[in-house]
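User: I would like to go through this model with you. Could you begin with the helix packing?
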Amino acid sequence: MSILKSLKLAAATPANPGASEHSFRTKLLRYLEEQRALAEAEIAGTPFQATKKVTRTNEAGEKVRVEAARQIRKGWFKDAGGKLFFQLRYGSKPLEFAKGMNAVSVQDISELPVIIGSIIDAINAGELDPQLTAAIAERKANFKPKAKKAAA
């Protein structure tokens, strides 16, 4: 008997987690964790610095991966009346939590980490999936496909 015939064969393709339908959740969750850390640092009065990996050339001429500081935009703001709001953004546009509602009203900055935690729970439960899917579709509609180069 053939060894291959004793195995259970199947046609399969590996999953690409980056192209998954819900990969936008992980990106948004990372952003919210960063916002929570930024809010906690501001409450404590300590500086917060996010980092990213970059490739640099050292003195010996070798390329090495190092961490470099990067700019973070706060997800909260005060309006003209001094009221504090937290806004969740996808790209450059605010995401609507409900029809016409794109921000969460916050009494004090000390409540911000708790509110961000609640939003994280809502995303994990899939409550914002329709809004995220619509935002992704809207953003994709703005990109034009690249023109194919003519064969030389």
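Analyst: Helix α1 (residues 23-44) packs with helix α3 (residues 129-142) at an angle of about 100 degrees, and their axes are 11 Å apart. Axes are lines fitted to C-alpha atoms, for helices over the stretch in contact, and angles run from 0 to 180 degrees between N-to-C directions. Helices (H or I, at least four residues) and strands (E, at least two) are DSSP runs, numbered from the N terminus. α1 and α3 are therefore roughly perpendicular to each other, a class that covers 65 to 115 degrees.

User: Which residues make the contact?
Analyst: F24, R25 and L28 of α1 meet D129, L132, T133 and I136 of α3, where contact means heavy atoms within 4.5 Å.

User: What about the model itself?
Analyst: This is a predicted model, in which local features need pLDDT of at least 70, side-chain atom pairs count only at pLDDT 80 or more, and totals for chains, interfaces and linings use all residues. Residues are numbered from 1 along each chain as its sequence is written, and side-chain values use heavy atoms, with hydrogens and water left out.

User: How many helices and strands are there?
Analyst: The protein has 3 helices and 7 strands, in the order α-β-β-β-β-β-β-β-α-α along the sequence.

User: What are the spans along the principal axes?
Analyst: The C-alpha trace spans about 75 × 50 × 45 Å.

User: And how much is buried?
Analyst: Of the 152 residues, 26% count as buried, meaning under 20% relative accessible area with a 1.4 Å probe, protein chains only.

How values were computed. Parallel < 35°, antiparallel > 145°, perpendicular 65-115°, else oblique. Buried < 20%, exposed > 50% of the residue type's maximum accessible area, 1.4 Å probe, protein only.
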